[in-house]
Amino acid sequence: MSNPALALTALAIAQLTIGLDYNIVFVALPDISTIGFDAHQLQWTISAYTIAFGGFLLLGGRCADLLGRRNVFYVGLALYALGSLLGGVAQNPFLLLAARAVQGLGGAVLAPATLSLITTAFAEGPERNRALGIWGAAGSSGMVLGSLLGGVLTQWLGWRAVFFVNLPIVVLVALLAAASIPRDANTARTLRSFDIPGAVTITAASTLLVLGLVQGPAVGWSAPVTVVSLVAAAVLLAVFAVIESRTREPLIPLSVLRHRNLVLGTGIAFAFMATVGAIPYFLTTLLQDVYDYSAFKTGLAFILPCAGVLVGTVLGGKLASTIGLRAMLTASMVVAGAGIVLFAVLLRVDGSFLDLVPGIVVFSVMQGVIFTGMYAAATSGLPDEQQGLASGVASSGQQIGGAVGLAVLVAFSGAAATGSSPDADVVDGAQVASYVAAGIIVVAALLGAALRVKRIPAVVASAPIEAQRDSKAAS
């Protein structure tokens with residue numbers, strides 16, 4: 001890259017945008033409902049984004065490898081801008097849901113392109129760890145910052161502002177990228193040999209899988225739409241495996257899915273989003289339903305976890321280079337579990353947000369550390385031409401983990417309700433869900449312990465990528 005610092009800034013802001021759209025709509029939902037949503041339809045404002053994002057991630061990741069990462073990056077930005085514009089001007093539920101689906105598609109294209117641009121531009125080791133630390137700070141803090149901005153924008157400017165805010169960000173990212181990210185090499189050959197049957201099959205399978213996981217908690221796991229979606233997804237995945245095994249140039253080489261670190265890193269991403277990533281949902285419910293916080297005040301409360309995540313991502317980049325990814329991820333997942341337990345222990349009906357600060361600080365800092373390390377682990381040891389695919393696989397694990405984890409934790413939360421009082425039910429449910437989440441993330445620390453990541457000397461790792469490649473070619 002002609003200007004690595006400027007390029008990293010563009011990629012980090014792009015990841016910030018993706019992180020924002022995870023949560024920014026939540027606080028605005030009551031106001032969004034005024035354009036004609038009924039109670040059942042409103043949850044599709046979230047589901048439309050999640051299904052499109054999760055369904056197209058693998059395809060988006062492989063397209064970045066085959067069709068050019070810069071090209072696909074710009075396509076993702078354009079889709080985000082289009083979806084945000086449509087959402088901001090929507091006058092009925094259909095148009096708003098379509099806008100959210102377009103935003104989700106943009107995220108599915110943009111996320112793996114952004115990550116693969118980083119992993120191919122910065123050498124594996126300290127250099128890449130520092131870059132992923134900055135990128136991770138933007139992405140994970142964006143998820144928390146979304147709750148803050150959602151409350152502030154909705155209260156001051158109206159719910160449409162949560163969509164329009166993306167437009168100037170996208171323009172800024174596009175200008176920074178144009179000035180710093182070089183054009184892709186000729187992709188005509190890969191375009192001609194693009195595996196269309198594989199692309200259609202894996203996208204349909206992924207979409208149906210996420211649809212089933214999203215609908216399960218809403219309509220029941222035995223409901224026809226849930227069962228049919230999950231069964232059809234399993235069948236299509238089997239068909240996809242057959243197609244890829246018989247295709248000369250497969251969309252997703254099945255051999256890459258046997259890569260140890262990719263599988264373990266994806267498992268960590270799944271566990272991360274199913275546990276640490278789900279706790280803000282229960283925190284939001286506690287603040288608004290038990291402590292009577294307004295949307296604006298709830299948003300302000302999220303400044304604390306946002307700051308914790310920022311500290312964690314900086315710390316994660318340094319720890320990965322000093323003690324190594326394996327030790328860092330294993331320890332941070334155990335400490336995150338301890339932080340979640342502390343959060344649960346301090347919960348009381350007659351308590352306050354200040355009581356929860358110690359637990360929030362611990363698991364928020366660890367959230368930043370884990371977010372940085374899990375993608376570094378998943379993409380380590382893979383060649384450049386498979387970085388987009390690896391990014392898509394790991395991101396898919398994160399998306400599916402979010403859907404499954406939240407459904408499981410909400411189910412445990414509901415089972416804990418005794419009916420003694422609404423506030424007590426919320427607190428008891430959040431405590432049980434937190435204990436379950438803590439147990440899962442601590443057990444998942446075994447995945448971190450099983451990683452096989454080579455320690456790369458700082459001198460070699462910090463050398464320019466072009467020089468390393470020339471050295472390899474000469475040898």
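Start by colouring the chain by pLDDT, the predictor's confidence in each residue, from 0 to 100: the average is 84, and 91% of the residues score at least 70. This is a predicted model, where local features need pLDDT of at least 70, side-chain atom pairs count only at pLDDT 80 or more, and totals for chains, interfaces and linings use all residues. Residues are numbered from 1 along each chain as its sequence is written, and side-chain values use heavy atoms, leaving out hydrogens and water.

Next, select residues 456-475, where pLDDT stays under 50. Where pLDDT is low, the predicted coordinates should not be read in detail.

Now go to Tyr-49 and Phe-53. How are their rings arranged? The search of the whole structure finds 9 aromatic pairs (ring centres of Phe, Tyr or Trp, using the six-membered ring of Trp, within 6.5 Å; planes under 30 degrees apart are stacked, over 60 edge-to-face, the rest tilted). In this pair the centres are 5.7 Å apart and the planes are at 65°, so it is edge-to-face. Both Tyr-49 and Phe-53 are buried (under 20% relative accessible area; exposed is over 50%, partly exposed in between, with a 1.4 Å probe and protein chains only).

For a group of rings, select Trp-135, Phe-272, Phe-371 and Tyr-375, which ring pairs link into a cluster.

Then pick Val-341, which is partly exposed at 32% relative accessible area. Its C-alpha atom is separated by 6.6 Å from that of Ser-434, 93 residues apart along the chain.

Finish at Asp-292, exposed with a relative accessible area of 65%. Its phi is near 60°, a positive value in a residue other than glycine.

Terms used:
Contact means heavy atoms within 4.5 Å.
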